[in-house]
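Please consult the sequence and the model while reading.

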Amino acid sequence: METKLLQTDDESLKYAASLLREGKVVGIPTETVYGLGANALDEFAVKDIFKAKGRPQDNPLIVHIADISKFEVLCYDIPALAYKCAEAFWPGPLTMILKKRDIIPDTTSGGLDTVGIRMPSNKTARKIIEYSGLPIAAPSANLSGSPSPTTAMHVFKDMNGRIPAIVDGGMSAVGVESTVIAFENDGIRILRPGFISREDLLEITDNVIIDKGVLEQLSADTVVRSPGMKYRHYSPRADVTIIDADLDKFREYIKENSDSSTVCLVFNDSDTEGLNIKYINYGADSTQQAQRLFDALRELDDIGAKKAFARCPEKSGVGLAVYNRLLRAAGFQVIKL
Ligand code: TXA
Ligand code: MG
């Protein structure tokens, strides 16, 4: 199959929408990362998403809507807190787990009786959803296990020959996937941190907890609230270690432990100054780090890095999302100095 790259003019977006209506899978930009979209109500279309990604069948997909009236068509028993979150953060990078109605096939929800719903803010994504007239199931558009794609080229590298089209909407603004939350005991449980932070959610309710799976490695037999948390993720081929230390100690550590195949993920070009070591600058603050992390992880592979040492991001605000993704890329290897 030839994979076409489409632009964001209206004609191209209507063509992308027509492919979705025919039950095809299309790569679409969102404000978080690129998604692999298909008709969420069509189990055969959705099966093709799993096939294209090589994704385990029990890992549910997020359903994307462009207008709030679809909320109640897809879900029921929606708590008041969910409406408050929708008002505060939609359209935007927040996914809510709610009870699903029967029109959503089990294939889409990975066999669960709940579904993740999100209304993206990206204009191109919204137009494609509107033109299709459908709720769109979309996981991140990477091959299962690889870093999520933040450019159309990332998607092309993973999906060339597997899907008919990719819409090129430029670089993703946020760079890490949406915050995934569930509602329980009149509060919010964060299952996956994202750009909408714990601090943001605390403006809506003072009852916000972070699920254990966000910062800890779960054993294979743990029953998880969000199936995606148990899989290997975001893994470059390089052996990544997070160095949780101030700059002086970080420099000291890499000076003693690096060789010519080592690459460092740093905050500033000056971090490795004078040490004669390869580096990738992934941003000076949490917002930049979110934007660049996945591209940096893909670059590690492109340059054939064998070993990588990463400076440790902040663990608050959007930094928690960066740390959560980097932890998985590092297989939970952290050295605290
Ligand atoms: O930003 C995003 O959320 C992107 C863009 C494309 O919208 N999508 C995305 O989808 O990241 P995906 O499939 O790569 O990640 C969805 C995560 C997985 O960890 C999955 O297990 C979890 O959300 N999830 C989906 N439905 C769920 C459900 N009903 N209950 C618990 N977790 C769910
Ligand atoms: Mg994903």
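The paragraphs below treat a helix, a strand with its partners, and the cysteines.

The structure is a predicted model. Helix 4 spans residues 80-89, and its buried residues are Leu81, Ala82, Cys85, Ala86 and Phe89. These residues lie on the same side of helix 4, because they cover an arc of only 145° around its axis. On the face turned away from that buried side, helix 4 carries the exposed residues Ala80 and Glu87. The cover over the buried residues of helix 4 includes two helices, helix 3 (71-74) and helix 7 (198-201), together with strand 6 (94-100), strand 10 (179-184) and strand 11 (187-192).

Strand 3 (residues 35-39) has five of its five residues buried, so strand 3 is largely enclosed by the rest of the structure. Strand 3 forms a hairpin with strand 2, with six residues between them.

| Partner of strand 3 | Sense and bridges | One bridge |
|---|---|---|
| Strand 8 (residues 136-137) | antiparallel, two bridges | alanine 38 with alanine 137 |

As for the cysteines, the structure holds zero disulfides. Cysteine 264 takes part in no disulfide, its nearest cysteine sulfur being that of cysteine 312, 14 Å away. Cysteine 312 is likewise in no disulfide, and the nearest sulfur to it is that of cysteine 264. Cysteine 264 counts as buried because its relative accessibility is 0%. Cysteine 312, at 13% relative accessibility, also counts as buried, since the cut-off for buried is under 20%.

Terms used
Residues are numbered from 1 along each chain as its sequence is written. Chains are lettered from A and ligands numbered from 1 in the order in which they are written. This is a predicted model: local features need pLDDT of at least 70, side-chain atom pairs count only at pLDDT 80 or more; totals for chains, interfaces and linings use all residues. Side-chain values use heavy atoms; hydrogens and water are left out. Buried means under 20% relative accessible area, exposed over 50%, partly exposed in between (1.4 Å probe, protein chains only). Helices (H or I, at least four residues) and strands (E, at least two) are DSSP runs, numbered from the N terminus. The arc is that of the directions from the helix axis to the C-beta atoms. Contact means heavy atoms within 4.5 Å. A disulfide is a pair of cysteine sulfur atoms within 2.5 Å. Two strands pair if DSSP finds at least two bridges between them.
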